[in-house]
Amino acid sequence: MNPESFPSILPASDLTRFRLAPNPGPMSLDGTNSYLLGSPGAGSSVVVDPGPLDEQHLQELAGAGRVELILITHRHADHTAAAARFHELTGAPVRAADAGHCHGGIPLADGETILAAGVEIRVIATPGHTSDSLCFHLPADGRHGSVLTGDTILGRGTTVLDFPDGKLGDYLATLDRLEGIGPATVLPGHGAVLPALDAVVRAYRNHRHERLAQIRAALADLGPSAGVGEITDAVYADIEPAVRAAAENSVAAQLEFLRS
């Protein structure tokens, strides 16, 4: 990789660089972070989440050096829409948890270790945001390693659970698993790089439990059979219309968790 030739490709950590895709929005924040992984002198890279189908974005990623492998964190289109085209451009296999998002490659497995572009990449199943969500742990990336978190942990704000595919029970278990990695650098699918994964996870968990307490209070006020819309009105009183559907999804996931 020669990032100096491509000023839009910026360093993220010792072993990673990224390009911000041109798809900002209420759910994608500033856009999708497409990462290039590779050790110095490796002569190739691994691309994580090629992102939306934007030809300039893909050409710049492809032009930064030979792409050996393409990895997908989860099924959402802002991470996967360009996967087939990027496979055509580079010839690199695309691997994801879901076989439907693989192109020329086999599905990824929880606990699998990949050695590519001079980097050790550990695959971690992290369901909750979606059922097929994965994180990629790079244990040699800096003092404490790094974790590419997709939408499981964001650079700002909190993660939406895509219920019914994403479930709160799964997500809380995922947070426990990620906390055990320790103070690794967080390389999120959207937003800025963050230090100390374990501290971020604790903040996320606290937020989830605060929301659950708010929903319990709303149920006590409105009655145990209150619907998603009523609870959303009570808990997210100042929600922007653009993210109303996402808030309702999270409420539905929390109601399912409490009622089960």
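These legends walk you through several close-up views of one predicted model. Residues are numbered from 1 along each chain as its sequence is written, and side-chain values use heavy atoms, with hydrogens and water left out. Because the model is predicted, local features need pLDDT of at least 70 and side-chain atom pairs count only at pLDDT 80 or more, while totals for chains, interfaces and linings use all residues.

**View 1. Helices α6 and α7 cross at roughly 110 degrees.** Here you meet α6 (residues 228-235) and α7 (residues 244-259), whose axes come within 9 Å. Helices (H or I, at least four residues) and strands (E, at least two) are DSSP runs, numbered from the N terminus. Axes are lines fitted to C-alpha atoms, for helices over the stretch in contact, and angles run from 0 to 180 degrees between N-to-C directions. On the α6 side, look for V228, G229, I231, T232 and D233; on the α7 side, for R244, A247, E248, V251, A252 and L255. Contact means heavy atoms within 4.5 Å. These residues divide into six nonpolar, two polar and three charged. Ala, Val, Leu, Ile, Met, Phe, Trp, Tyr, Cys and Pro count as nonpolar, Asp, Glu, Lys and Arg as charged, and the others, Gly among them, as polar.

**View 2. The largest pocket holds about 560 Å³ of space.** Which residues lie nearest its centre? They are M27, T158, T159, V160 and A246, out of 27 lining residues. Helix α7 returns in this view, giving the largest share of the lining with five residues. The elements that give two or more residues are α5 (197-222) and α7. By class, the lining has 12 nonpolar, nine polar and six charged residues. On a 1 Å grid over the protein atoms alone, a pocket is an open set of points with protein on both sides within 12 Å along at least five of seven lines, a cavity is a set where a 1.4 Å probe fits but cannot get out, and lining residues have an atom within 4 Å of a point. Grid points are joined across faces, edges and corners, and a volume is the space filled by probe spheres set on the points.

**View 3. The largest cavity holds about 40 Å³ of space.** The structure has one cavity of 30 Å³ or more. Its lining includes N33, Y35, D49 and T73. Strand β10 (146-150) gives the largest share, three residues. The lining divides into five nonpolar, five polar and one charged.

**View 4. E179 sits in helix α4 (residues 168-179).** Beyond its neighbours within four places in sequence, E179 is in contact with D198, V201, R202 and R205. E179 counts as partly exposed, at 23% relative accessibility. Buried means under 20% relative accessible area, exposed over 50%, and partly exposed in between (1.4 Å probe, protein chains only).

View 5. Most residues other than glycine have a negative phi, and most peptide bonds are trans. L29, in the loop between β2 (16-20) and β3, has a positive phi of about 55 degrees. L29 is buried, at 17% relative accessible area. A196, in the loop between β11 and α5, has a positive phi near 60 degrees. A cis peptide bond joins F163 and P164, with omega about 10 degrees.
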